[in-house]
Amino acid sequence: MAENVVFHFDVDGEDFSSAGGASVTVKKKLRQLGIAPEYIRRVAIAMYEGEINMVIHANGGSADVIVSDDEIKIVLTDTGPGIPDVSLAMQEGYSTARDNIRSLGFGAGMGLPNMKKYTDTMEIDTELGRGTTITMTVKIA
Amino acid sequence: MLKMKLSDIINSLSLTVVVGDVERDLEGVYAGDFLSRAMSRVEAGDLWITIMNNVNVIAVASLTDAAAVLLAEDVSLMSDALEAAREKDVTVLSSGLSVYELCVALGKFGTAS
């Protein structure tokens with residue numbers, strides 16, 4: 001691949017029924033690019049969790065996926081409330097999701113932990129009242 | 001590791017096919033309702049047993065490449081989820097048995113992944 005392949009998605013903050021749509025599309029595109037299934041699975045999981053987080057907590061945002069020769073970079077940007085305590089949010093099982101969100105099957109407190117677990121690098125840039133940008137990479141052979 | 005086709009367990013456990021292809025190989029089983037847990041634990045080719053019936057279940061099943069979603073306790077799929085399952089080629093089965101009863105019944109086929 002000579003040039004990077006870039007995908008951009010707007011994530012609708014109102015719509016739980018379409019949440020995950022960008023991840024499903026990325027999965028298909030990566031398959032078309034011939035990326036190995038184990039990398040696709042990791043990117044899909046990390047991106048899905050990020051997408052859901054933006055819908056639950058930040059009223060949506062945007063997702064960019066950049067595929068280069070040696071890595072897949074996922075950049076998730078929102079203008080939501082920010083994360084007050086990142087280390088707490090990184091703990092498995094910690095969740096601030098409301099009951100109506102939990103009744104949909106979300107709010108296990110596994111979102112950020114899953115994103116970290118399934119990527120090689122993850123950086124969280126968050127500011128209260130301004131928003132959050134999460135940058136993740138999955139190295140590909 | 002299970003090595004059988006979905007159709008084998010459909011016949012054996014008298015499962016209802018809600019939508020989708022049943023000739024897929026079945027590799028293992030996962031049971032649980034939290035989507036993030038399922039997202040990280042369901043492997044490609046697994047049967048995922050749950051009582052969740054909304055459209056997000058279909059997204060997770062599609063992303064994890066699950067062999068099928070098995071809805072326990074006669075839970076029926078919500079209409080937008082059924083539509084999504086058709087679009088994404090996700091197989092959905094259902095049964096009147098509980099999650100526990102289904103796991104016990106599936107145990108005779110071998111150890112899940």
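Guide: Start with a definition: two strands pair if DSSP finds at least two bridges between them. Strands are DSSP runs of E with at least two residues, helices are runs of H or I with at least four, and both are numbered from the N terminus. This is a predicted model, where local features need pLDDT of at least 70, side-chain atom pairs count only at pLDDT 80 or more, and totals for chains, interfaces and linings use all residues. Residues are numbered from 1 along each chain as its sequence is written, while chains are lettered from A and ligands numbered from 1 in the order in which they are written.

Now take one bridge. A:Asp12 has A:Gly60 in β2(A) as its bridge partner. Strands β1(A) and β2(A), the latter covering residues 60-67, run antiparallel and are joined by 8 bridges.

Next, the whole sheet. In chain A, 5 strands make an open sheet, ordered β1-β2-β3-β5-β4, with antiparallel pairing. At the edges sit β1 (5-12) and β4 (121-127) of chain A, each pairing on one side only. From one strand to the next, the twist averages 10°. Angles run from 0 to 180 degrees between N-to-C directions, and axes are lines fitted to C-alpha atoms, for helices over the stretch in contact.

Two helices pack on this sheet. Contact means that the C-beta atoms of two residues, placed from the backbone, lie within 7 Å. Helix α1(A), residues 21-32, touches β1 and β2 of chain A, and its direction makes about 165° with that of β1(A). Helix α2(A), residues 37-57, touches β1, β2, β3 (71-78) and β5 (131-139) of chain A. The direction of α2(A) makes about 5° with that of β3(A).
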